[in-house]
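Subject: Structure handover

Hello,

Here is the structure I said I would pass on. My notes on it follow below.

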Amino acid sequence: MMNAAATHQEPPPPANRATAVETFRYDNRIVRAFAIATVVWGIIGMSAGLLLAVQLFFPAASLDFQFITFGRLRPVHTNAVVFAFVGNGMFTGIYYSLQRLCKARMFSDKLSWLNFWGWNAIIVAAAITLPLGFTTSKEYAELEWPIKIAIGVVWVAFTINLLGTIVKRREKHLYVAIWFYIATALTVAILHIVNGLEVPVSLWKGYSIYAGVQDALVQWWYGHNAVAFFLTTPYLGLMYYFLPKAANRPIFSYRLSIIHFWGLIFIYIWAGPHHLLYTALPDWAQSLGMVFSVMLVAPSWGGMLNGLLTLRGAWDKVRQDPVLKFMVAAVTAYGMATLEGPALAIKTVNSLSHYTDWTIAHVHTAVLGWNGLLTFSVLYWLFPRLYNTKLWSAKLANYHFWIALLAMMFYVVPMYISGITAGMMWKQFTKDGFLQYPNFLETVQQIVPFYRLRAIGGSLYILGVWLMAYNLWRTARAGQFVPEEEVQAVSYRSQPEAHQEAAFTHRWLESKPILLTGLALVAVLIGGMIEIIPMIVIKENVPTISSVKPYTALELLGRDIYIREGCVGCHSQMIRPFRSETERYGEYSKAGEFVYDHPFLWGSKRTGPDLHRIGGKYPDAWHYNHLDDPRSTSPGSIMPRYPWLLTQKLDTTPLPARISALRRVGVPYPPGYESKALNELKQQADKVAANLTTGQIKAPPDGEIIAVIAYLQRLGTDIKSAPTTTADAATGPRASN
Amino acid sequence: MSQLIDELGGIEAIGIFSLCLFVVVFTAAMVLAFCLKKPFLKSMGELPLEDEQAKAKTPTPPPL
């Protein structure tokens, strides 16, 4: 396919140059390839999500099979939906609309296919490596460094192709959709590079160069802007192109689109810290994140209204046309999500919502509603055109629409109830001042019924996608694919200038793609730089705690297993300074406690309790039994079993390389520690194994579970130690067992 | 106003600078947008609809 497409070169311009009309062809093959990949990955990614949803009320659904436990499968679901489903959907729309808005074929067919095969190979690599436990644990950036480099290469190919097409365009001015595509290409590249910086240890393991608070800020600057510049800006570009097409009328206000674009890309980049409210992140950064998040509602709603008002006078069409139905619902969902997002970024609201299913509801309003429904609308609109026929069944598409809406209700409403219920139960005190629900499991049991309802919603949504897949397949069969669409347009140079061109106006800017790209780059860089640079260079942002020491060799390997198993998907390690949290978990978390955490493991969801002060709370034997079968120690727990930790031997061979790598990123392991680390590890492992015998457990000291127990018992204990001088911190790690 | 911003929690100068920066960017975008003339806005708004007219030889698919 790649070779066939690559051989299609644009025909030479017509002999009659006086007419200045050029004949050329749009490449529909690449559009079709991305469209098919969108549907396939949508079904796979959503099905993975459904399996996860089932595991939350039926833990045995993991089959005690380590490769499909919740922790390992969750990033498969998020990556498959965000980068595979939405990513391919984004490319589908961009490759179709960009050619037509520029009146030019894509810059390079080879780059187009490199983009397609490279992107989808990366997704396959993700689907293999994540279940195997190769993960950085940083949300939406879990893929390890070799895959990250591949992402960078493919993204550069896409960006060159995008900008190259813009440069060779036959249209004088760049339409608003293209500005959003440019902002997407630039910003995703920056986010990916800055957040992805890590020191490689082996082929599938690396450590983030940032630690603790800095790592958290960079990660959520990335994480939030992945939402902004991967899930939002490209889809706004699609909205600005496909909504007018489907409605057959121009966008409501081109003026508003200018304000929408600059306001949105400038503000979005500042909002990341709202994911870290009430954490150990310095207050100034939290406040900036909150204020800019609230301001974000203005440009977001400007865009939403611009989309909806495009349909003024055409609402009768919405009743008949499933494409418009999907679009209206998608834009409405965008409006709801972008109103809710700023609300959740207000500190008082966030104190209740954070770590609960409320966030899950919010995310799924956006992805199922905005991204999902808009993708479906684009596919329903595109397939008849790609196959030069009409949609096989508009009726079936209408059924899909109503099923998708019903599915979303079944998904998000239970999650709102679940989130608010859990959040309030966590904070509830008795009249005597004690926690009303001191056992975390009480709050879990209360929300399990909502997890069942959520799974029904997810099932319905997937059913709708299957109906769409069938409908599109029948449409394709009924028509004939148009691989190359021949069109004519006036060449760029011979176009009469219809309007006077004055410098330094937006119209002038729209004819200068390089300048527009440069200004967009400045707009997105400012916020990130103002937030991140002071956090890294000003030491006062992370007050040092002298008793905090690096992890011991055994704890370090235990931490890496904790990362491998994806425990961070359900357990936070960040106790916020609320009485409800300090009563339940212990002293609130301090920035200085995480200075050796590469990467940070604060988490963003508490399906289980926070673990930052778990060290010393239970005996080693309790952890052993709990990991073997959580329900043996905690009846009603929904945590999966981890029996393989009891049988798998701890691999100590990478230990020296990991210690060296961590030293390179600033962890003060003493010189030569690598040579004695293994002995220390064995001594500490023997102690843990000895402790286990007091609980009638005979476990070999070389099992993985020993390392995990050592790590868990270390968590949050450093500040309980007697203060030592700062210089002591460089004398090496301290064992907790 | 200053006291209000102070109460946001340690935000101080960096917050005021950031908000001023936003005002500048937003104002610039507004000025640029409102300086555009209607014929240009109309022609740009209709750009996505033009490619149907540009098709020379490929028939337009029938409506759904």
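Domain bounds here come from an automatic or database domain assignment. For chain A this assignment gives domain 1 (2-483 + 501-533) and domain 2 (553-731). Two points on conventions. Residues are numbered from 1 along each chain as its sequence is written, while chains are lettered from A and ligands numbered from 1 in the order in which they are written. This is a predicted model, in which local features need pLDDT of at least 70, side-chain atom pairs count only at pLDDT 80 or more, and totals for chains, interfaces and linings use all residues.

Domains of chain A

The centres of domain 1 and domain 2 of chain A, taken over C-alpha atoms, are 35 Å apart. Across the boundary, 47 residues of domain 1 are in contact with 49 residues of domain 2 (contact: C-beta atoms, placed from the backbone, within 7 Å). Elements that give two or more residues to the domain 1 side include β2 (198-202), β3 (205-208) and α7 (212-247) of chain A. Helices (H or I, at least four residues) and strands (E, at least two) are DSSP runs, numbered from the N terminus. That side of domain 1 has 22 nonpolar, 17 polar and eight charged residues. In this count Ala, Val, Leu, Ile, Met, Phe, Trp, Tyr, Cys and Pro are nonpolar, Asp, Glu, Lys and Arg are charged, and the others, Gly among them, are polar.

β2(A) and β3(A) pair in the antiparallel sense over four bridges (pairing: at least two bridges found by DSSP). They form a hairpin with two residues between them, and A:Val199 has A:Tyr207 in β3(A) as its bridge partner.

Helix α18 of chain A

The 25 residues of α18(A) (residues 513-537) should span 36 Å at 1.5 Å a residue, and the end C-alpha atoms are 35 Å apart, which agrees. The expected span is 1.5 Å times one less than the number of residues. α18(A) bends by about 35° at A:Met529, the bend being the angle between axes fitted to the seven residues ending there and the seven starting there.

Chain B

Chain B has four helices and zero strands. Contacts between the chains involve 39 residues of chain B and 51 residues of chain A. On the chain B side, α2 (12-34), α3 (38-45) and α4 (47-54) each supply at least two residues, and α2(B) gives the most, with 13 residues. By class, that side has 27 nonpolar, seven polar and five charged residues.

Regards

Key:
Two residues are in contact if their C-beta atoms, placed from the backbone, lie within 7 Å.
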